[in-house]
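Here is a short report for a reader new to this structure. Please look over the sequence and the model, then read on.

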Amino acid sequence: MLKKCLYIFIVTLLFSVSGTAQAPQTGADVVLVLPFENTSGKAEFNWVGESFADSLSDLLKVPGFKVVSNEERKLTQQKLRIPLTTLPSVATSLKLARETKATLLISGRYNILPDEKDRAASLVLSAKLIRVNEGQFANEISQDGTRRIPPFDLTDALEKLQTMQGQLAYQILLFNQKSVTSTPREKMIDNATRVPPKAFEAYIKGLLTPITSLTIRENYFKNASRLYTEKVLDGIYSEAELELGHLYLSQRKGNEAVSSFERVVTAGQKCREKARLEKKQPQCKDENFAEAAFYIGLLYLQQGNFESALATLQPLAEDLKLGTVYNALGAISVQASRAQKKDLAKAEAQLINGIEFLKKAVDSSPDNVNIRFNYAVALFLMGNMTEAADQFRSAIVLNPKDGEAYYLLSKALETLKDPSAATQKNQAQLLLTANNRFAKLETDWGKTQKIPDIPLRVEQPSRKDFVAVVLSGRAEYPKQPQMNETDVLLAKAREQLKNGQNDDAMETLRRVLVSEPMSAESYLLLGKISLRRGDKDQAISQFKTSIFWNNKLIDAHVELGKIYVEKGDCLQAKNYAASATEIDKENADAAALQRLSERCSK
């Protein structure tokens with residue numbers, strides 16, 4: 001599944017903003033690729049045109065080019081009410097390009113020649129470039145006026161479609177003098193043909209299938225994933241799995257969504273690991289990783305698995321800098337603090353972290369009423385009633401009918417002995433009439449003098465928060481400068497655990513997780529500490545988090561299997577026995593678990 005990875009795994013992402021395009025500085029072209037026009041009259045080949053938009057948008061992500069993603073292009077079309085089912089005119093295309101701040105527009109047309117006795121079906125392609133600010137076609141003379149570039153016309157067998165896309169991408173780079181030395185023609189073609197043709201075709205057809213045709217769309221993506229795996233040893237088609245994850249998410253199929261998103265993260269980690277072993281700069285789908293990890297975190301939050309949600313989302317916070325990410329992290333931290341009954345120091349630390357995240361969320365999205373409300377609740381829980389009252393007032397300005405905000409404001413003011421508390425309480429009573437809500441809140445408050453059952457507010461953001469980002473550049477893969485320190489701390493924690501110093505070991509592991517929150521072994525050791533303390537539910541959560549980040553840690557599988565044997569959950573015990581045996585058939589602990597699980601139901 002997932003292996004240990006570092007913060008650098010997620011590249012810096014910048015968000016594009018709408019508005020009138022400004023002339024870019026030399027060497028900073030923004031590229032928009034439109035679907036190519038099918039002139040063959042054969043509708044069954046419309047997918048080819050969409051594949052050019054999708055493939056070229058990916059291939060042209062090189063230094064010197066900022067590419068408008070294919071999904072962002074679709075969103076902008078919808079915003080401008082330009083139908084996705086028809087190709088826009090030149091004038092409309094220029095409008096679309098300016099809205100996305102593109103300086104270079106790429107479009108084209110193609111014809112399909114049928115197969116004959118001695119010739120396979122072929123694709124005849126003609127592409128063109130438009131300089132958006134000038135509103136003119138680019139000619140065949142290079143920008144410096146010294147070189148003549150062959151026209152963007154290609155003809156080849158239809159089965160060589162991806163090769164043609166690689167050739168075209170290289171010609172466009174050559175024409176614009178962008179990174180042709182660092183991205184040679186052969187490398188560009190390799191990048192274009194990394195997906196088996198049949199899998200690529202199924203994926204593009206899935207993208208073209210309307211959202212309303214869920215079953216057909218799902219089958220295309222499933223076929224794409226299957227065809228990819230059949231051709232690529234131990235391979236994962238992350239793009240298809242990402243689409244499946246969102247499709248399941250829209251149907252509220254949480255477990256299926258998590259499984260697909262996890263495969264996306266696994267694909268990214270495998271790519272990174274391969275690059276590390278080959279000592280090459282990774283060329284991985286880091287934005288896919290970030291998107292999948294974010295939605296896994298939200299799904300964990302919905303399941304009440306706060307620790308796993310934090311472990312998944314925290315590394316994304318500083319890289320994505322989204323108000324929605326900060327709000328989710330803040331809400332998770334606060335909810336985890338409220339749920340923590342045994343370790344008061346940990347609960348306080350979680351609450352402080354939550355306040356920090358929510359403050360960043362407010363700074364990022366000051367007009368979001370839910371973020372304001374969550375920040376106010378966190379301050380209330382911390383006992384900072386003055387600032388909490390100010391934030392509740394701001395939330396009420398944004399939503400004057402927020403009865404819960406009025407209610408909590410009144411309680412904050414009562415604590416401050418502010419005479420206006422009664423007025424706010426009366427307003428809350430007027431607004432919280434449904435299902436006798438006000439009376440229930442008052443009853444709960446009277447029992448505990450604490451915030452009653454008022455959940456924090458975390459909206460599932462629309463996907464545009466991710467597809468609207470543009471990849472600004474890739475940092476070179478570092479030599480993992482923190483690994484030595486991490487190894488030292490983990491060795492120290494193992495020794496402390498061996499000597500029965502549970503509290504010291506936990507403190508050491510927390511230091512590891514500050515710098516490396518996806519440390520699988522840290523969660524494994526934390527799970528062992530929880531087991532010693534008799535907290536099996538906490539141990540289960542920690543062992544599962546360990547497996548989430550490194551599926552090959554056999555100890556975590558074994559420990560989970562043993563716990564489920566004790567609980568009498570024989571099916572789960574057998575599943576973990578099987579997964580442990582699959583990792584290492586010769587492992588004595590895995591063999592012992594296998595025997596235990598076999599006796600479990602007898």
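## Two loop residues

At 80% relative accessibility, Arg252 counts as exposed. The model is a predicted one. Arg252 sits in the loop between α8 (238-250) and α9 (254-277). Its phi is near 60°, a positive value in a residue other than glycine.

Lys101 also has a positive phi, near 65°, and is likewise a residue other than glycine. The loop that holds Lys101 runs between α3 (90-99) and β5 (104-113). Lys101 has a relative accessible area of 29%. Buried means under 20% and exposed means over 50%, so Lys101 is partly exposed.

## The chain as a whole

The protein chain has 602 residues, and buried residues make up 51% of them. Its secondary structure comes to 27 helices and nine strands.

Contacts also reach along the sequence. Take those between residues at least 6 apart in sequence: 64% of them join residues at least 24 apart.

## Nonpolar cores

In soluble globular proteins, nonpolar side chains tend to be buried together. Here the largest nonpolar core has 145 residues. Which of its members touch the most other members? They are Phe36, Leu60, Leu168 and Phe392. Helix α10 (residues 286-302) gives this core its largest share, 10 residues. A second, separate core has 13 residues, including Leu32, Leu34, Leu80 and Leu94.

Phe36 deserves a look of its own. Leaving out residues up to four places away in sequence, Phe36 touches Gly49, Phe52, Leu56, Leu87, Ile106 and Ser107, among others. Leu168 is itself one of the core members that touch the most others.

## Helices α1 and α6

Helix α1 covers residues 46-59, and helix α6 covers residues 197-208. Their axes are 9 Å apart and the helices pack at an angle of about 95°. Angles of 65 to 115 degrees count as roughly perpendicular, so α1 and α6 are roughly perpendicular to each other. From α1, the contact uses Asn46, Trp47, Glu50, Ser51, Asp54 and Ser55. From α6 come Phe200, Glu201, Tyr203, Ile204, Lys205, Leu207 and Leu208. By class, the contact of α1 with α6 has six nonpolar, three polar and four charged residues.

Lys198 also has its place in helix α6. Is Lys198 buried or exposed? Its relative accessibility is 58%, so Lys198 counts as exposed. Lys198 and Glu159 are 39 residues apart in sequence. In space they are 9.4 Å apart, C-alpha to C-alpha.

## Helices α4 and α5

Helix α4 (residues 161-176) packs with helix α5 (residues 185-192) at an angle of about 135°, their axes 8 Å apart. That angle makes α4 oblique to α5. Their crossing is right-handed.

On the α4 side, the residues are Gln162, Thr163, Gly166, Gln167, Ala169, Tyr170 and Leu173. They meet Arg185, Met188, Ile189 and Ala192 in α5. The contact of α4 with α5 divides into six nonpolar, four polar and one charged residues.

## Helices α25 and α27

Helix α25 spans residues 554-567, and helix α27 spans residues 588-600. Their axes cross at roughly 20° and come within 10 Å. Angles under 35 degrees count as roughly parallel, so α25 is roughly parallel to α27. The crossing of α25 and α27 is left-handed.

Ile554, His557, Val558, Gly561, Lys562 and Val565 make the contact from α25. Asp589, Ala590, Leu593, Leu596 and Ser597 make it from α27. The residues of the contact of α25 with α27 are six nonpolar, three polar and two charged.

## Two buried residues

Ser122 has its place in strand β6 (residues 122-131). With 6% relative accessibility, Ser122 counts as buried. What does Ser122 contact, leaving aside its neighbours within four places in sequence? Its partners are Asn111, Ile112, Leu113, Asp156, Ala157 and Leu158.

Asn370 lies in helix α15 (residues 369-382). Its relative accessible area is 13%, so Asn370 is buried. Not counting residues up to four places away in sequence, Asn370 touches Arg457 and Glu459.

Conventions: Residues are numbered from 1 along each chain as its sequence is written. This is a predicted model: local features need pLDDT of at least 70, side-chain atom pairs count only at pLDDT 80 or more; totals for chains, interfaces and linings use all residues. Side-chain values use heavy atoms; hydrogens and water are left out. Axes are lines fitted to C-alpha atoms, for helices over the stretch in contact, and angles run from 0 to 180 degrees between N-to-C directions. Helices (H or I, at least four residues) and strands (E, at least two) are DSSP runs, numbered from the N terminus. Angles under 35 degrees count as roughly parallel, over 145 as roughly antiparallel, 65 to 115 as roughly perpendicular and the rest as oblique. Contact means heavy atoms within 4.5 Å. Ala, Val, Leu, Ile, Met, Phe, Trp, Tyr, Cys and Pro count as nonpolar, Asp, Glu, Lys and Arg as charged, and the others, Gly among them, as polar. Buried means under 20% relative accessible area, exposed over 50%, partly exposed in between (1.4 Å probe, protein chains only). A crossing is left-handed if the near helix is turned anticlockwise from the far one by less than a right angle, and right-handed if clockwise. A nonpolar core is a set of buried Ala, Val, Leu, Ile, Met, Phe, Trp, Tyr and Cys residues joined through side-chain atoms within 4.5 Å.
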